[in-house]
Amino acid sequence: MTRIGSAAVVVGAGIAGLTAARTLADRFDRVVVLDRDRLPDDPVPRRGVPQGEHGHVLLLAGQRALEELFPGLLDELTAAGAARFDMGMDLSIYRFGAVWSRIPTAQWLVTPSRALLETTVRQRVRKLPGVEVREDSAVSGLIGAAGRITGVRLADGDTIGADLVVDCTGRGGRSNRWLAELGFPAPRVAEVTVNLGYATRLYRRTPGDLPDAQAVLVLPDPPRETRTGGVLPIEGDQWMVTLGGWHDGFPRDLESFERHGRELPHPGLVRLLERAEPVSDVVVYQFPASRRRHFEELRERPVGYLALGDAICSFNPIYGQGMTCASMEAVALGELLDRHGRITDALSADYYRRAAAILATPWQFAAGADFAYPQTKGVRPRGIRLLNAYSRRIQRASIVDPQVREVFMSVQHLVLDPAVLRRPSMVLKVLRAARRAPG
Ligand SMILES: Cc1cc2nc3c(=O)[nH]c(=O)nc-3n(C[C@H](O)[C@H](O)[C@H](O)COP(=O)(O)OP(=O)(O)OC[C@H]3O[C@@H](n4cnc5c(N)ncnc54)[C@H](O)[C@@H]3O)c2cc1C
């Protein structure tokens, strides 16, 4: 690893900020992570990440990236009560009129709550030499001159100098304004409006609540259906039940939560909601649009400033990709810092190119699939009707063909290149199997 500089500042201590800090700790003498929130020691929700109260799944590629940054993390989460299960056998999926048959895949999901994941990672980061995590420290702007960012300004007027500032302020970050204040152009923003909402409630988990599975995922058949629902086992012997829907088809209170749950076509989920004891209120999160900032298109970039995580791209959460992409970007940042050895415009250009490559497939999944609803607004990717029609066949084929399922899951979990699904032999297999699928 290459020593790059004396000080780095990370703004935001969410998953992106913490993974970035891990990468920077090996390459800078001092790393200061700033968050405007009070950061709790226990795995409880906090104000700055309201999405943290809702179901969060870590894709296989995210598990790999986090293990690379924090070896042994998944075992630590399991020891703290997170469930671990084979997603082919124990995740019961309903889509296209059928509960999908179960097949062993040896692809494991680990399902801590987002709060447990974040606190466990934060405890690891706090222990890194040279790293300081400061709470109650809101950043109000960047400082810099002559094309270079040289630090941050805090809301209390203090400044902190840095060779590199990594912006991990998430979806609601203000960095476009901060960059504009210093005369830098803002990146183009692409939005895909989905008007999605999630409503979540916790239940006590007892053996037999879900006799045939450890988790449930119900997905709609667009454009006719808009509703979704999921059950995840989390630490503390609890179920996290998240119900939601596209284009305003989501519950907003207890009554609509219970109705939405009853009407979902998964008998196991309905039974669980009837029997399990609720241990929390219903909390609601509204997600108007996926949003991506195209830094890679900028001709002029501020040297010494990089964005990571939701600060670059915030996806429709149903595809479970945000934390994974943030962790993959943090790994890529480390590789590029070592390759470049200095903080230059060439580093920024390379980094945003790599981030764009990481985001390409998940953005296509999320934004593309959302255009199956005519109400979705935004710039339609070219050929999306054909892609969505094929994707529908792949999923229908996955119901009956274990090999297609495994390949599809691996692509969806970002560990296999989607090109594998376009190979002639695979296309043939998909088309044949899709004809055998029920419904
Ligand atoms: C309902 C919902 C469900 C989701 N489910 C999944 C899932 O299943 N799987 C998945 O991978 N992803 C999921 N996501 C996406 C995931 O939550 C995000 O991609 C991920 O949290 C991004 O992390 P981040 O660190 O970039 O941003 P955030 O987690 O939003 O963190 C940003 C941090 O920056 C701090 N901050 C902001 N502004 C300032 C400032 N000015 N000064 C100092 N600090 C500041 C905030 O306090 C916060 O701590 C979901 C999202 C939603 C909305």
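Helices, meaning DSSP runs of H or I with at least four residues, and strands, meaning runs of E with at least two, are numbered from the N terminus throughout this talk. The model before you is predicted: local features need pLDDT of at least 70, side-chain atom pairs count only at pLDDT 80 or more, and totals for chains, interfaces and linings use all residues. Residues are numbered from 1 along each chain as its sequence is written.

I begin with a loop. Proline 223 is found in the loop between strand 13 and strand 14. The peptide bond that joins proline 222 to proline 223 is cis, with omega near 0°. The flanking strands, strand 13 (residues 215-218) and strand 14 (residues 227-234), pair in the antiparallel sense over 3 bridges; two strands are said to pair if DSSP finds at least two bridges between them. Valine 216 has valine 231, in strand 14, as its bridge partner.

Aspartate 237 is not a glycine, yet its phi is positive, about 50°. As background, most residues other than glycine have a negative phi, and most peptide bonds are trans.

These strands belong to an open sheet of 8 strands, with mixed pairing and the order 5-4-13-14-15-12-16-18. At its edges are strand 5 (98-99) and strand 18 (313-314), each of which pairs on one side only.

Next, the domains. The assignment, which is automatic or from a database, gives domain 1 (5-76 + 115-190 + 290-368), domain 2 (82-112 + 191-287) and domain 3 (384-436). Between the C-alpha centres of domain 1 and domain 2 the distance is 29 Å. In contact, meaning C-beta atoms, placed from the backbone, within 7 Å, are 20 residues of domain 1 and 21 residues of domain 2. On the domain 1 side that touches domain 2, helix 2 (60-69), helix 5 (114-126), strand 12 (188-204) and strand 16 each supply at least two residues. That side divides into 12 nonpolar, 6 polar and 2 charged residues. Here Ala, Val, Leu, Ile, Met, Phe, Trp, Tyr, Cys and Pro count as nonpolar, Asp, Glu, Lys and Arg as charged, and the others, Gly among them, as polar.

Where does the ligand lie? Both domain 1 and domain 2 give residues to the shell around the ligand, so it lies between them. The ligand is surrounded by 38 residues, the closest being Gly14, Gly48, Gly170, Gly309 and Gly322; a residue is near if its C-beta atom, placed from the backbone, lies within 6 Å. By class, the shell has 17 nonpolar, 16 polar and 5 charged residues. Helix 9 gives the most to this shell, with 4 residues.

Helix 9 has 19 residues and reaches 26 Å from first to last C-alpha, close to the 27 Å expected at 1.5 Å a residue; the expected span is 1.5 Å times one less than the number of residues. Glycine 341 follows helix 9 and has a positive phi, near 75°.

Finally, helix 10 bends by about 40° at alanine 360, and proline 362 follows within four residues. The bend is the angle between axes fitted to the seven residues ending there and the seven starting there.

Definitions and conventions:
Contact = placed C-beta atoms within 7 Å.
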